[in-house]
Amino acid sequence: MRAIVQATAMSTRDAGTGARADVAALRAQMERMQGRRLDAPVLPVHPALASLLPGGGLRPGAAYSLPRSMSLLMALLATPSSSGSWCAAVGMPRFGAEAAEALGVDLSKLVLIPEPGPRWLAVTATIADVLPVVAVRPAGRVPDGEISRLAGRLRERGAVLLVQGPWPQAEAAIEIDQPDWEGLGRGHGYLSRREVTLRTTSRRWPNQRRARVLLPDPQGGISSASEPLAALEPQREGGATGRDGGDGRDGRDERAGASSPPMRAAG
């Protein structure tokens, strides 16, 4: 009987060891295919945004799909630039330096290429060769082959790509919803803050994550609202595809991004 028990225990241990070996082998294969470690260090972002991103930050070699929200883009650039990482914004002529500085972007670490012309993708790839964070607003459809080549360069250089619009194989896609401005009186006054819901989908998560943030807050920066970060909704079919949403649909956020708050609103 003792021999049977010992044999059973050894078999269980062997099975557990085999399962761990299989998991380790699968993980190594995924890392080889993706060109980066799943647990590799990430570039930091503001605490109000960290739990919305896989790994708590921007993963080197990865692309992220964003709505056409200048304030969200600036908020994502703020902590990397203030931590010493050079950033670039390509194809965004309405990028407001004053508003970016109010949201925490270090302008001494920022390169602006507002009008890259028809070869915007080649310009983006070239900038990604030398700078760790590149934001771009695509000026047209990109062939799948070009996207794959750019993805390879990102992995090779360890650069982060922030795309205002849908992007295949994005690490995560962030959307904006339910904007709520405060500060107006009876038809007039100053807009003091905007509260929005940020929703993130990622191929690394089974569920969508959501946060309520102030963007901008009364000081012109970003901060968490009362609602905590959480995984609240099931992931929609298709994963992180990204789309214009919330304030980006009608351009109000971009106009706000071109100047810093507070803003005068008249009835």
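I started with S85, and S85 is buried, with a relative accessible area of 15%. The cut-off for buried is under 20%. I kept in mind throughout that this is a predicted model.

**Entry 1: S85 and L43**

I placed S85 in the loop between helix 3 (70-82) and strand 4 (87-90). I then listed its contacts, leaving aside neighbours within four places in sequence. S85 is in contact with L43, P80, K109 and P132.

I followed L43 next. L43 is found in strand 1, residues 43-44. L43 is buried too, with a relative accessible area of 17%. I checked the spacing of the pair. L43 and S85 are 42 residues apart in sequence, and their C-alpha atoms are 8.7 Å apart in space.

What else does L43 touch, not counting residues up to four places away in sequence? I found G57, L58, P132, V133 and V160 beside S85. P132 turned up for L43, and P132 is also on the list for S85.

**Entry 2: C87**

I moved on to C87, which has its place in strand 4. Buried or exposed? C87 counts as buried, at 1% relative accessibility.

I wrote down its contacts, again not counting residues up to four places away in sequence. C87 touches L77, P80, S81, K109, L110, V111, L131 and V133. P80 and K109 are on this list, and they are on the list for S85 as well. V133 is a contact of C87 and a contact of L43.

I also looked up one distance. C87 and A128 are 41 residues apart in sequence, with 9.4 Å between their C-alpha atoms. A128 belongs to helix 5, in the set that meets helix 6. That took me to the helix pair.

**Entry 3: helix 5 and helix 6**

I took helix 5 as residues 120-130 and helix 6 as residues 144-157. Their axes come within 9 Å and cross at roughly 15 degrees. Angles under 35 degrees count as roughly parallel. Helix 5 and helix 6 are therefore roughly parallel to each other. I recorded the crossing as left-handed.

Which residues of helix 5 and helix 6 meet? From helix 5 I noted L121, A125, T126, A128 and D129. From helix 6 I noted E146, L150, R153, L154 and R157. By class, this contact has five nonpolar, one polar and four charged residues.

**Entry 4: D180**

I turned to D180, which lies in strand 8. D180 is partly exposed, with a relative accessible area of 36%. Leaving aside neighbours within four places in sequence, I found D180 in contact with R193, R194, E195 and R212. I then checked V196. D180 and V196 are 16 residues apart in sequence and 6.3 Å apart in space, C-alpha to C-alpha.

**Entry 5: R209 and strand 10**

I found R209 in strand 10, residues 207-214. R209 counts as partly exposed, at 27% relative accessibility. R209 and I174 are 35 residues apart in sequence, and I read 9.4 Å from C-alpha to C-alpha.

I went on along the chain from strand 10. P216 is found in the loop between strand 10 and strand 11 (223-224). What kind of peptide bond joins L215 and P216? I found a cis bond, with omega about 5 degrees. Most residues other than glycine have a negative phi, and most peptide bonds are trans.

**Entry 6: Q169**

I looked up one backbone angle. Q169 has a positive phi of about 60 degrees, although it is not a glycine. Where is the place of Q169? I located Q169 in the loop between strand 7 (160-164) and strand 8 (172-184). Q169 counts as exposed, at 67% relative accessibility. The cut-off for exposed is over 50%.

**Entry 7: the whole chain**

The protein chain has seven helices and 13 strands. Of its 267 residues, 45% are buried. I took contacts between residues at least 6 apart in sequence, and 65% of these join residues at least 24 apart. The chain exposes about 13,300 Å². Carbon and sulfur atoms supply 54% of that area.

Terms used: Residues numbered from 1 in each chain as written. Predicted model: local features only at pLDDT ≥ 70, side-chain atom pairs only at ≥ 80, totals over all residues. Heavy atoms only, no water. Helix = DSSP H or I, 4+ residues; strand = E, 2+ residues; numbered from the N terminus. Buried < 20%, exposed > 50% of the residue type's maximum accessible area, 1.4 Å probe, protein only. Contact = heavy atoms within 4.5 Å. Areas by Shrake-Rupley, 256 points an atom, 1.4 Å probe, with all protein chains shown as cover. Axes fitted to C-alpha atoms, helices over the stretch in contact; angles between N-to-C directions. Parallel < 35°, antiparallel > 145°, perpendicular 65-115°, else oblique. Left-handed = near helix turned anticlockwise from the far one by under 90°. Nonpolar A, V, L, I, M, F, W, Y, C, P; charged D, E, K, R; others polar.
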